[in-house]
Amino acid sequence: MEQNYDIIIIGGGLLGCATAYQLSKRIAGKILLLDGNEIASQASARAACLLTRARTKPALMELVQETYDCIKEIEVLLDESLELQQCGSVTIASSDSSLKGLDALEEAATRFGIPNERISRERVKELLPWIESDSVDVALYMPTDAFIDSALLCSGYARAAAKLGVELKPNCKVKEIIVEQDEIRGVSLVNGERLNAPIVVNAAGSWANLLMRPLKVGLPFTPVRSHFWITDIDNKRFPAGHPFTVIPDARAFTRSDVGALIIGLRESQCQAFDPSTMTDKLEDFDFNKAAKWTVLDECAPLLKRYLKDIDDLPIAHYMAGPSCYVPDAMFIIGAIKRYKGLFTVTGCCGGGVAAGGGMGRLAAELITGVTPFVNAALFAPERFGEIDPFCVEFQKRCADARSNKKGG
Ligand SMILES: Cc1cc2nc3c(=O)[nH]c(=O)nc-3n(C[C@H](O)[C@H](O)[C@H](O)COP(=O)(O)OP(=O)(O)OC[C@H]3O[C@@H](n4cnc5c(N)ncnc54)[C@H](O)[C@@H]3O)c2cc1C
């Protein structure tokens with residue numbers, strides 16, 4: 001049996017669900033969202049959940065602001081809290097290069113109207129009881145930064161979209177995007193069903209290139225390992241809800257949650273994965289098979305300056321997942337011009353929690369033909385020309401984008 005839709009979205013992670021929500025707000029017709037797994041169960045359930053507002057690129061700040069706006073709207077629409085925690089953030093600089101970065105961030109935040117202030121070492125210690133404040137040269141406090149449970153946010157977008165009429169079908173894996181004479185016709189499912197639509201949005205995260213491969217389209221990203229460690233609970237030292245930190249000199253960020261400290265470390269050579277090696281479910285994928293925990297050897301000594309006893313801190317959990325990195329560290333949003341009706345929203349560059357609402361809005365505006373609220377050319381899927389995401393050299397370029405990342 002065949003069914004007809006106006007738009008089919010593949011992928012029920014943050015980017016697919018945010019796009020579904022933004023499309024449904026614009027009354028874009030009969031919309032179906034499909035996921036091969038449960039909704040909000042893959043990368044979007046593994047994030048460190050930071051909603052960092054300040055970015056040196058203005059368009060990214062617009063996208064993040066849209067996420068904050070979506071959260072407010074969805075809370076009203078669903079009449080429930082999405083539990084945004086406005087804890088603030090502290091960016092720390094203790095070298096010339098990180099100070100330059102902090103200056104640029106401060107200027108960008110001020111220009112965009114994001115509250116920020118430089119704070120003294122004493123104030124740093126008050127806000128972050130665990131930190132060796134003598135090691136902090138300059139600290140920039142942004143009190144309106146927040147974090148949010150990424151799976152709850154994702155399910156919030158999905159449930160809001162459903163309330164506005166989008167049909168959600170979890171556990172429905174797409175086998176193929178169907179094209180005839182260079183025009184999109186719909187998708188086929190692994191169970192043999194065919195679903196028709198003139199527009200298909202590929203929001204399949206780390207798997208997006210597997211669906212593009214038969215169409216000979218290469219999206220310019222590869223999955224790269226992101227990860228963090230969570231200490232045992234110590235309420236006195238890591239009080240819940242204190243500001244998250246970004247410490248570029250230690251290639252680290254931290255956040256406190258339920259009295260434990262989350263420590264994210266970014267190695268100088270990040271691990272890229274060939275998309276064709278990704279398993280259908282992330283729980284079946286070994287993120288440490290190729291690259292072991294050498295990241296701790298490299299980064300823990302850098303963080304020791306700020307967190308003296310890091311070597312002895314009891315670690316209760318480790319979380320790893322894929323983030324889709326692009327060589328220029330900008331997202332991939334828009335039409336694939338070669339095929340009428342084919343769109344994508346992916347290449348999250350580790351920022352889909354923070355920017356997902358805005359990414360979904362830009363995708364929805366491009367699909368419905370509305371003037372985009374940001375410069376869409378910055379995110380054009382074909383801006384690198386023809387690339388092969390299955391080639392090791394290209395994957396290395398993507399991993400370098402994460403290795404060079406300085407922000408939260
Ligand atoms: C460890 C870690 C920490 C992070 N921390 C942060 C942070 O602090 N702040 C931040 O902003 N971002 C963070 N991120 C990034 C954030 O998690 C991602 O940007 C976001 O989850 C990407 O969403 P997505 O929809 O692209 O991917 P996913 O959530 O993976 O969704 C893609 C979906 O597509 C489905 N799919 C794939 N193939 C098919 C198919 N053939 N048919 C049907 N469905 C299919 C999958 O089942 C999946 O559910 C972090 C990521 C990781 C891994």
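Predicted model: local features only at pLDDT ≥ 70, side-chain atom pairs only at ≥ 80, totals over all residues.
Student: Is H1 parallel or oblique to H8?
Tutor: Helices here are DSSP runs (H or I, at least four residues), numbered from the N terminus. Axes are lines fitted to C-alpha atoms over the stretch in contact, with angles from 0 to 180 degrees between N-to-C directions. The axes of H1 (residues 14-25) and H8 (residues 352-368) come within 7 Å and cross at roughly 50°. Angles under 35 degrees count as roughly parallel, over 145 as roughly antiparallel, 65 to 115 as roughly perpendicular and the rest as oblique, so H1 is oblique to H8.

Student: How many charged residues are in the contact of H1 with H8?
Tutor: Contact means heavy atoms within 4.5 Å, and the H8 side includes Arg 361. Asp, Glu, Lys and Arg count as charged; Ala, Val, Leu, Ile, Met, Phe, Trp, Tyr, Cys and Pro as nonpolar; and the others, Gly among them, as polar. Beside 9 nonpolar and 7 polar residues, the number of charged ones is 1.

Student: And how does H1 lie against H5, roughly parallel or oblique?
Tutor: H5 spans residues 150-163, and its axis is 8 Å from that of H1. The two helices pack at an angle of about 30°, which makes H1 and H5 roughly parallel.

Student: How many nonpolar residues does the contact of H1 with H5 have?
Tutor: On the H1 side, Leu 14, Cys 17 and Tyr 21 are among the residues that meet H5. The H5 side includes Leu 153, Tyr 157 and Ala 161. With 2 polar and no charged residues, the nonpolar count is 11.

Student: Which residues come nearest the ligand?
Tutor: A residue is near if one of its heavy atoms lies within 4 Å. There are 37 residues around the ligand, and those nearest are Asp 35, Ser 44, Cys 348, Gly 352 and Ala 354.

Student: How far is a polar backbone atom of Leu 15 from an oxygen atom of the ligand?
Tutor: Leu 14 has a backbone N or O atom 3.2 Å from a ligand oxygen. For Leu 15, a polar backbone atom and an oxygen atom of the ligand are separated by 3.1 Å.

Terms used. Residues numbered from 1 in each chain as written. Heavy atoms only, no water. Polar contact = N/O pair within 3.5 Å; in protein donor to acceptor, adjacent residues only side chain to side chain.
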